[in-house]
Amino acid sequence: MNLLFFIIILLMGGFLAWLSGKWSSILPRIISLIAVFINFIITVYIAFNRDSYGKGTWMIDYKANWIKSFGIGLHLSLDGLSLLLLLLTFFLGIIAVLISWKEITKNIGFYHFNLMWILAGIVGVFLSMDLFLFYFFWELMLIPMYFLIGIWGHENRIYASYKFFIFTQASGLLMFISILALYFIHGANTGIYTFDYEQLLGTKMSESMAMILMFGFLVAFLVKLPVVPFHSWLPDAHTEAPTAGSLILAGLLLKTGAYGLLRFIIPLFPTAAVSFAPYGMLMGVVGILYGAKLAFSQTDLKRLVAYTSVSHMGFVMLGVFALNELAYQGVVMQMIAHGISTGALFILVGQLYERIHTRDITKMGGLWAKVPVMGAVGLIFSMASLGLPGLGNFIAEFLILMGVCKVSVWMTCLASVGLIAATIYSLRFVQKVFLGTDHYEGKIWDLSVREKLISAVLVIIIVWLGLMPQPVLNMAKPAILNTLSAKEKNAEKPGAYLFHPANNIKDIQ
Amino acid sequence: MTVTDFISLAPLLIIAGAPIIMMLTIAFVRSHKVIWGFSVIAFIVALASLYFVSQVAPHDIKPLFIFDKTSLFFMGMIIGASLIITLLSYDYLKFHMGEKEEYYIILFVSTLGALILTTATHFVSFFLGLETLSVSLYILIAYLKSRDNSIEAGVKYLVLAASSSAFLLFGMALIYTVTGTMNFKEIGAILISSDPLSPMIYAGFGMMIVGLGFKLALVPFHMWIPDVYQGAPVPVTAFIATISKGGVMALFLRFFFAIQGGSNSIFISVLSILAILSMFTGNFLALQQLNLKRMLAYSSIAHLGYLMITILAGNILGLQAAIFYLLAYFITSLGAFSVISLLSVCEQDAEQLDNFRGLFWKRPWLAVVMTLSMLSLAGIPLTAGFMSKFYLVFSGFKSNLILLVFCLVVNSVISLYYYLKVVTTMFSTADDRNLPVVSFTGNIVLVVVVIGILWIGLIPGSLFHFITEFASF
């Protein structure tokens, strides 16, 4: 199975969708649906037969030359972590095509072209094991996303698309400089000039240099994740994007940041990451509380959901820098569960907007009586968002808190306050939109069959994740252990991190 | 003169001979189509002749010219760009009142000037080439004399270019006084052996940098460029952006290498300051522009600032990066200017940002080319601009020019704003403006440009390899 296939299908699908958009309004949708669906089926097949693939680090590995004179390769690899994220990508990709079915009515061909190319870029990011290639895909997904927000977005779309593009591009360039520096340092050490991830692992460099280079990478990932104070593009981009855009932003683009932290920061700069860990965790906690606070005070529904993302991604940041297996399991779980639950909330908001043409929370209320199915779906995903046991997010946040508890009790306590804050904003959401007095005086209809189907699938998955998280954890386990062992192997003081960060935390406080 | 000399000079002779034939032709038949067709053929023949030159390269014609692989590559780029500009010019001039035929004659002469610059190894050929290029540009810029801005632009260029030439000449004279030679290599040899350098040398180089900086529009010698870009006919603007700057850049590289300027800390710091100033000034001034030609003028200042990194690198890698960057910049600029040129109607150039409003919904193909060009200028992956910027950063890093590389990165982000503005405008809602139909030759140009941008952006491996073999002085 050639991994390039995934990307080529999406790129070709995008092109065909664009071309077919000239003649038909339905053809682009069908072509995109088929393209993503093929990929989805292949990924599911791999997931079920993963015992029959390679036993090493990578389940599937693909290597070819791209630009030989610079040591740039076309190196794509798949392991449990990327497999999980690919499943999520293609699943949300299918949903994204489906929810655009009625919402997007102009320039359908070009819209689907952009959608497919964003997915292609994301898949590339999840699979690239060559740093140059990784950067290439990292940037590639920006342009179509920029178009998606800028052309099909809401009122303030131009501003939001600029902000999104410039934030991510600027941070990406810093990462690129770090990549180049790493390339030269490795080349000077060994005489082999290469961008290959596996060879760059364990590059020897001075501690201060490692710190500087790590910050280059870190900025790119923290902007994408996003972590406070790099988050200010996110509420704008999420709010102004069309529903499918918000879904992909929240469900997938943010995950590329989390993926980058796990895949690149920790293994490439283990020592620097360990000494940065307490600050990283602190940033995570700040993100959790700050995001929750702002989510509570929003009146625009989309902005509200966007800020819950900031809060939830704070958990990811916290977990990543706890640097232990339990927390990492939680991080992976959080990536999946947040992708589903926040995606579902954005879809819900999109559906509401289609019906009542406002996202202003003060103009809603008492909608349960009119649209009970919608209300139920809203309730379930608000509960997921606040971390109700039995739903996927609970497992994720619980595991992260357990992992963090091993390292720092204080951080755990503060982060747990975030759970209470999540309860408050989630309940406010349900209260203001579906319960209370009705401020909306127009006609409103409940979910159509297509929409019900989408919601049902999402509900089933989030419940399944909450009740049976083990398959996901099993799938991710080898990758997590690899990340941790890369850290252990490359860190100069293995094991010291358990006590080391905790001591530092006291200093900060 | 030997046969080899003749073969080596073939491209120059063809480009010099063509205008004479054209003048004679015009005396009998005055036909736009005939002269245009002849120009296209002459450029193609000149391009083909490069193959024969490459068989005898490297070849010295002492003391004025050298035909090595690098100059051949530059000549190829320049003749190719002239060919594309000629193709565009037909549609552009078609509706213009008055004589159009002489335009092509002057185009040949100025191309000749640029070609001489790429091969010059001596102050005499250097100055001859530069003046041939500039004097014919005075005419080209003001060619459509009924337009509002064209005479202004032409006179501005005339006055400033003439005074910058005076600076250049004086600088050369000072250097000649000290070294007693006008050959680049010999000057370099004398400079290496004499330490410390006499103040007269520094004064001479200072004045030469003023002259060269003017032609390249580095800050603070950039004042002419927005007005000239705006006032000149679009194909001529494309000519200034690509051929004129490329030719001077080729000479600058050769000269700086020959005198081994990279080993002198004063040269390095002066050029670094010029580079950084150019990057920031160019990009900041471009931010608020609503006139696309002026915006591209300012963006070209920034790009020349980036290119200074390759000169400062002062090694073979820098030279390779410069060639690669110039090639990508040629193609990208030609892409942007051909779209502007093809959208221009007889009285008015399509230079305002408003002319592009909703272009994507009305002429998707033109908008795609423009989008690719803008993204390439901004250095976004998939496009030639990304790979060339990568090469540039790479060579800068290798030569430890960290500050300059960092400035380049900061400026790339700043420049995004105005490149994206163009793209955003094209994707906004369309108005009911009528647009001219794109001709067959226009489409050929666009296809060539798009293939070039994507080819360099996606599979640059063979080109990297090719340039690595070619670059040497």
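This is a predicted model: local features need pLDDT of at least 70, side-chain atom pairs count only at pLDDT 80 or more; totals for chains, interfaces and linings use all residues.
Figure 1. Of the 473 residues that make up chain B, 57% count as buried. The chain contains 19 helices and two strands. Its radius of gyration is 21 Å, close to the 23 Å given by the globule rule for 473 residues, so chain B is as compact as a globular protein of that length. Along the principal axes, the C-alpha trace of chain B spans about 70 × 55 × 45 Å. Among contacts in chain B between residues at least 6 apart in sequence, 79% join residues at least 24 apart.

**Figure 2. Helix 11 of chain B and its packing partners.** Helix 11 covers residues 265-287 of chain B; at 1.5 Å a residue its 23 residues should span 33 Å, and because the end C-alpha atoms lie 33 Å apart, the two values agree. Buried positions of this helix include B:Phe267, B:Leu271, B:Leu274, B:Met279 and B:Leu285. Also among them are B:Ser278, B:Gly282 and B:Asn283. The buried residues of helix 11 pack against helix 8 (199-216), helix 12 (292-313) and helix 17 (402-427) of chain B.

**Figure 3. The contact between chain A and chain B.** Chain A contributes 21 residues to the contact and chain B contributes 20 residues. On the side of chain A that touches chain B, at least two residues each come from strand 2 (65-67), helix 5 (131-140), helix 6 (142-152) and helix 7 (157-190) of chain A. Helix 7 of chain A provides the largest share of that side, 10 residues. By residue class, the side of chain A that touches chain B comprises 16 nonpolar, three polar and two charged residues.

Conventions
Residues are numbered from 1 along each chain as its sequence is written. Chains are lettered from A and ligands numbered from 1 in the order in which they are written. Helices (H or I, at least four residues) and strands (E, at least two) are DSSP runs, numbered from the N terminus. The expected span of a helix is 1.5 Å times one less than its number of residues. A residue is buried if 20 or more other C-beta atoms lie within 10 Å of its own, exposed if 12 or fewer, and partly exposed in between; C-beta atoms are placed from the backbone. Two residues are in contact if their C-beta atoms, placed from the backbone, lie within 7 Å. Ala, Val, Leu, Ile, Met, Phe, Trp, Tyr, Cys and Pro count as nonpolar, Asp, Glu, Lys and Arg as charged, and the others, Gly among them, as polar. The radius of gyration is taken over C-alpha atoms; the globule rule is 2.2 Å times the number of residues to the power 0.38.
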